[in-house]
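Me: I would like to learn how to read a protein model feature by feature. Can we take it in short steps?

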Amino acid sequence: MKYLFISHLFFSCSVPRLKRNIVGFLPILSWLPRYSIWDYGMPDLISGISVGIMHLPQGMAYALLASLPPVFGLYTSLYPPLIYFIFGTSRHNSIGTFTILSIMIGSVTERLAPDANFLVFDGTNVTEEVDIVSRDLYRVQVAAATTVLGGLIQVVFGLVQFGFVGTYLSEPLVRGYTTAATVHAVVAQLKHIIGVSPKRFNGPLSVIYTLADLFTLLPETHLPTVLVGVVSIVVLILAKELNNALRQKLLVPIPVELCTIVVATVISFYARLGASYKISVVGEIPSGLQPPTVPNVSVFSEVVVDAFALAIVGYAISISLGKTFALKHGYKVESNQELVALGLSNTVGGFFQCFSVCSSMSRSLIQESTGGKTQIAGVVSGVIVLVTILKLGSLFQELPKAVLSAVVCVNLKGMFKQYYDIVTLWRSSKIDLLIWLVTYVSTVLFNLDMGLGASMAFALLTVIFRTQSPTYSLLGHLPGTELYLDIETHKEVTDVPGITIFRSSATMYFANAELYLEALKKKSGLDIGKMLTYKRRQEAKQRRRERRAERRAQREAKRQKRALRAASQRSRNVVFSVEEVAGQLREIDGDTLREEELGWKERENSTVLVMPETSEGHHTWVYLKGTDPDTTTLGSMFDLQDGDTTTLDSSSEDTLSRDLERVSLGSLGKWTWDIHSIILDFSTANFIDTVGIKTLRNIFHDFGEIDVYIYLAGCQELVVEQLERGGFFSDVITKGSVFATVHDAVLYCLKHHGAMTIHSYENALEMSGTRL
């Protein structure tokens with residue numbers, strides 16, 4: 001029975017958890033069984049068709065950005081959306097080709113497979129030409145390998161709960177990065193629009209070198225190609241503006257890009273633009289699907305940095321769009337599951353010769369605005385692409401590449417508007433503007449991979465600098481409330497008598513701990529360093545005085561002992577006065593001893609009579625005091641044995657304590673102040689490290705040396721736990737020094753340390769409804 005109970009308990013606890021894990025990993029199981037065709041079927045169908053139509057031109061155009069044949073853009077628009085349909089949590093993200101990722105893939109493929117590596121001689125063995133088939137085949141392998149590696153990185157990040165990594169890409173950084181990427185995209189498309197073949201440059205300043213080469217090639221511009229490109233751009237811009245103007249009256253947007261491509265293909269086919277005018281066209285598009293192939297793992301080591309950048313950028317774009325739509329429509333997007341879904345889409349897609357994907361802003365907006373409810377719309381768009389690949393692909397063989405380049409450039413219009421961010425950020429945040437500019441410049445000059453790394457490093461440095469130099473302020477009490485506000489910015493607040501309330505706008509940690517201490521000294525007006533230095537100097541002086549007085553007392557005791565021994569031998573059992581003994585000592589020593597050195601002084605009208613008695617080696621002295629020897633009274637007796645250092649009359653220096661007593665700065669008279677307590681407002685601290693704990697312990701100790709009490713207020717529970725683990729609390733610093741609020745700490749200080757000022761302040765506290 002015992003084992004049955006344990007097994008029942010195990011299964012009752014693990015089965016629900018297992019179910020949650022399965023549903024969490026396969027979100028489709030949570031919504032597909034409840035899918036209502038009547039409610040969602042038609043909106044998803046319309047939305048899917050609209051998005052699928054957009055996939056066709058964008059897929060082929062963005063394949064050119066990736067330096068790949070256009071058909072591979074169609075493959076990329078087919079497989080990844082089907083994988084995301086199973087594992088994704090966003091209902092409105094449209095997964096597929098995206099401008100930025102295509103540019104990043106293009107930089108990798110052209111770096112590892114440049115034209116120079118595929119030059120062959122023509123039939124005359126005189127002129128070299130590029131083996132386009134071999135070049136494109138290897139570029140597809142490089143793109144697929146990079147995509148698989150980037151997908152694996154995303155999957156691993158998702159499984160280890162690293163979904164927060166996207167938060168390190170701030171909005172100014174992402175917008176500056178995407179704006180700079182548009183520069184790379186436009187430069188890459190210029191050769192298709194003006195009909196020239198510039199050299200391919202890689203590494204830093206490649207954009208500058210490419211533009212310089214294009215400028216030298218301007219005399220060779222192919223005018224028919226320029227005409228086709230310019231006309232396409234103008235038509236697309238006008239059609240999109242008309243589409244936007246009529247969007248409220250249209251059930252679905254007009255597929256401007258698809259219409260332009262179809263019209264351009266028909267004109268090119270009948271006018272024979274490729275053969276007659278030497279305009280570059282798409283060329284052969286194979287029908288049917290390619291079988292899956294294992295990626296070329298030999299290039300993994302060469303593309304690992306690019307794969308990591310693709311993984312981070314793709315995830316950041318997808319999660320930002322997903323959360324935007326989720327907030328608008330009231331559902332939740334799981335960050336870690338999105339990483340897994342996106343990673344699997346890339347990994348599986350890479351086996352089918354796809355390149356890196358993420359959510360597209362333009363397609364996602366169309367999917368949401370046309371009424372899409374679930375990822376069924378993504379399946380419908382995939383069907384549209386599949387039909388095109390199987391049956392309609394060959395129809396686009398005569399499509400001019402200049403038209404696809406025009407589609408890319410016009411779609412970048414929205415990103416060009418991001419240059420207005422400079423004006424907006426200048427007004428709102430200079431730091432964010434600096435991040436935007438550094439990201440933009442570094443990405444334009446150093447390429448997409450190095451630019452991303454440099455911009456992320458700079459953004460993190462700005463965080464460190466801002467926390468290293470926070471705002472420090474003194475707080476005052478707002479009458480009638482329990483609030484404590486900055487004295488400099490709120491004129492209506494009042495100081496609390498005898499109490500300084502100090503607050504930092506950032507957490508105290510190793511980078512700003514020293515600055516925190518310096519600010520506390522400055523704001524409180526107590527230069528603790530100088531005060532403690534002065535105190536220790538005074539203590540050292542007092543110790544030296546003590547030692548000198550002790551040495552004098554010892555010497556004096558020895559002299560008195562010798563004198564008394566001599567006197568006792570010469571005048572036993574005789575009553576004599578102290579004055580007579582002093583005279584005898586002067587005669588014995590042969591020199592004149594000052595009475596001050598012996599410690600004896602004449603006492604007016606007061607004679608001390610000493611009567612020595614001997615008893616077995618001990619000298620007992622009985623002294624009598626009085627004005628008349630006949631009327632003297634017996635005072636007291638004390639034993640003086642060999643080695644004793646007791647004196648009859650001690651020096652005035654001997655009144656100092658042998659043990660060094662604590663020195664008060666107030667008693668020394670160097671400084672005076674009216675602060676008895678300092679409250680450190682820790683409400684802004686979300687952690688504290690070992691350096692911060694050490695600094696805080698020194699603050700308690702140093703200010704305690706000058707009788708100023710330190711208290712903490714507003715500490716979060718985590719901070720208190722870290723203080724405990726760091727050994728902060730002790731018999732000297734107890735948890736009684738920590739208060740939940742600043743107001744509680746103020747009341748405690750006034751009650752225990754503010755007796756002189758409590759009556760002058762209690763009226764203000766009563767106004768807030770608080771009594772001491």
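Me: What should I know before I start?

Reply: This is a predicted model, where local features need pLDDT of at least 70, side-chain atom pairs count only at pLDDT 80 or more, and totals for chains, interfaces and linings use all residues. Residues are numbered from 1 along each chain as its sequence is written, and side-chain values use heavy atoms, with hydrogens and water left out.

Me: What is the mean pLDDT of the chain?

Reply: pLDDT is the predictor's confidence in each residue, from 0 to 100. Here the chain has a mean of 80. Of its residues, 81% reach 70 or more.

Me: Over which residues does pLDDT stay under 50?

Reply: Residues 1-12 are one such stretch. The model gives them one contact beyond four places in sequence; a contact means heavy atoms within 4.5 Å. Residues 756-760 are also below 50, with five contacts beyond near neighbours in sequence. Where pLDDT is low, the predicted coordinates should not be read in detail.

Me: How many helices and strands does the chain have?

Reply: Both are DSSP runs, numbered from the N terminus: helices are H or I with at least four residues, strands are E with at least two. This chain comes to 29 helices and 14 strands. Among contacts between residues at least 6 apart in sequence, 77% join residues at least 24 apart.

Me: Now burial. What share of the chain is buried?

Reply: Buried means under 20% relative accessible area, exposed over 50%, and partly exposed in between (1.4 Å probe, protein chains only). Of the 772 residues, 46% are buried.

Me: Is T439 buried or exposed?

Reply: T439 is buried, because its relative accessibility is 0%. T439 sits in helix α20 (residues 430-468). Leaving aside neighbours within four places in sequence, T439 contacts L173, G176, Y177 and S455. T439 and L173 are 266 residues apart in sequence, yet 6.1 Å apart in space, C-alpha to C-alpha.

Me: Which residues does T388 touch?

Reply: Not counting residues up to four places away in sequence, T388 touches L56, G393 and F396. T388 lies in helix α16 (residues 376-392). With a relative accessible area of 4%, T388 is buried.

Me: And where is L395?

Reply: L395 is in the loop between α16 and α17 (401-411). L395 is exposed, at 56% relative accessible area.

Me: How do I read a backbone phi?

Reply: Most residues other than glycine have a negative phi, and most peptide bonds are trans. Q161 has a positive phi, near 60°. So does Q353, also near 60°. Q161 is in the loop between α7 and α8 and is partly exposed at 49%. Q353 is in the loop between α14 (335-351) and β4 (358-359) and is buried at 9%.

Me: How many salt bridges does a search of the whole structure find?

Reply: A salt bridge is a side-chain nitrogen of Lys or Arg within 4 Å of a carboxyl oxygen of Asp or Glu. The search finds 13. One of them joins D681 and R503 at 3.9 Å, N to O. That pair links distant parts of the chain: D681 is in strand β12 (residues 677-681), R503 in strand β7 (residues 499-504), 178 residues apart. D681 is buried at 7%, while R503 is partly exposed at 25%.

Me: Why are E518 and K521 separated by about one helical turn?

Reply: Because they are three residues apart in helix α21 (residues 513-524). Elsewhere, D115, R135, D136 and R139 are linked in a network of salt bridges.

Me: How many disulfides does a search of the whole structure find?

Reply: A disulfide is a covalent bond between the sulfur atoms of two cysteines. The cut-off is a pair of cysteine sulfur atoms within 2.5 Å. The search finds zero. C409 is buried at 15%, and C715 is buried at 17%.

Me: Last, the surface. What is the accessible surface of the chain?

Reply: Accessible areas come from the Shrake-Rupley method with a 1.4 Å probe; for residues, only the protein chains shown count as cover. The chain comes to about 40,000 Å², of which 60% belongs to carbon and sulfur atoms.
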